[in-house]
Amino acid sequence: MIIEIDDRSGFCFGVTTSIHKAETELEKQNHLYCLGDIVHNSAEMERLRTKGLVSVTHDQMREIGPCKLLLRAHGEPPSTYQIAREAGIEIVDATCPVVLKLQQRINHTYHTASPDTQIVIYGKAGHAEVNGLVGQTDGHAIVVDDADSLDKIDFNRPVALYSQTTRSLEGWQCMVERIREALAPGVEFTYVDTICRQVSGRVEHIRNFASKHHTILFVSGSKSSNGKVLFAQCHDVNPMTYMIGSPDDIKEEWFIDNPESIGICGATSTPRWLMEEVRDFIISRIQDKSTSR
């Protein structure tokens with residue numbers, strides 16, 4: 001039985017950097033607050049909790065200061081920084097550079113474009129990154145998730161379109177075309193492709209990876225939006241794809257036919273060590289058992 005871990009699965013640059021910053025701070029003081037889960041993976045969160053990382057909500061910010069507070073890769077709206085200053089909180093900023101540049105672009109457009117311009121963000125309403133982007137416009141940006149939500153836009157007024165960094169390129173291109181077709185003649189339309197290629201490029205790769213193996217174990221936290229998207233891509237190519245959060249979720253009946261090859265992959269929020277644990281579990285509990293028969 002061949003068991004392969006996808007070498008391009010696992011933490012993206014932004015998540016890797018935020019976790020490194022958290023661990024560096026925890027080495028100094030054994031305790032650090034983080035605004036929300038630093039990564040949407042319960043196993044990795046538990047590992048960091050044992051080191052002293054404590055997740056807090058926005059509502060708790062005024063109760064914890066003065067202290068140090070880590071801002072995760074997703075980024076935050078300006079209001080979060082204001083609350084931190086008022087509460088005497090020292091910010092450890094781990095905002096992903098790609099997200100930070102996008103925030104700056106949207107902020108610049110909001111303050112320099114004509115008052116009639118609608119800033120539209122292609123993304124998931126309520127997602128942490130999107131909340132940070134909308135915050136750059138004092139809450140005035142319009143969030144659209146699909147073609148059905150385009151009725152939020154006034155097509156007689158100028159539109160400036162941006163995208164959540166983890167959206168698919170296909171979805172982005174479709175959104176651009178739909179808006180262009182719907183706009184009244186002569187209405188200004190500007191759009192900037194702000195999708196992170198490190199994340200979007202994984203779709204084609206992971207589809208190829210899934211097609212190479214009989215069975216796929218997709219390792220991801222249940223809260224990960226990126227995980228849901230990539231899992232769907234794997235399952236579309238290979239119906240023998242199963243989503244798991246840890247080795248405890250593995251069912252032996254998935255391997256009753258002794259598949260020749262098993263692929264292990266995951267989301268941008270999946271740690272490499274967890275995928276390795278899944279591999280080791282298969283070797284000890286599945287592969288060794290089938291060999292001894």
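Here are a few questions and answers about a sheet, a helix and a pocket in this predicted model.

In this predicted model, local features need pLDDT of at least 70, side-chain atom pairs count only at pLDDT 80 or more, and totals for chains, interfaces and linings use all residues. Residues are numbered from 1 along each chain as its sequence is written, and side-chain values use heavy atoms, with hydrogens and water left out.

Q: Why are S2 and S3 said to pair?
A: Two strands (DSSP E runs of at least two residues, numbered from the N terminus) pair if DSSP finds at least two bridges between them. Strand S2 (residues 32–35) and S3 have 4 bridges in the parallel sense, so they pair.

Q: What makes S3 and S5 edge strands?
A: The open sheet has 4 strands in the order S3-S2-S4-S5, with parallel pairing. Strand S3 (53–56) and strand S5 (89–93) each have a single partner strand, so one side of each lacks a neighbour in the sheet.

Q: How do you know which way helix H1 runs relative to S4?
A: Axes are lines fitted to C-alpha atoms, for helices over the stretch in contact (heavy atoms within 4.5 Å), and angles between N-to-C directions run from 0 to 180 degrees. Helix H1 (residues 13–29) runs at about 165° to S4 (67–71).

Q: What makes up the lining of the largest pocket by residue class?
A: Ala, Val, Leu, Ile, Met, Phe, Trp, Tyr, Cys and Pro count as nonpolar, Asp, Glu, Lys and Arg as charged, and the others, Gly among them, as polar. The lining therefore divides into 5 nonpolar, 8 polar and 3 charged residues.
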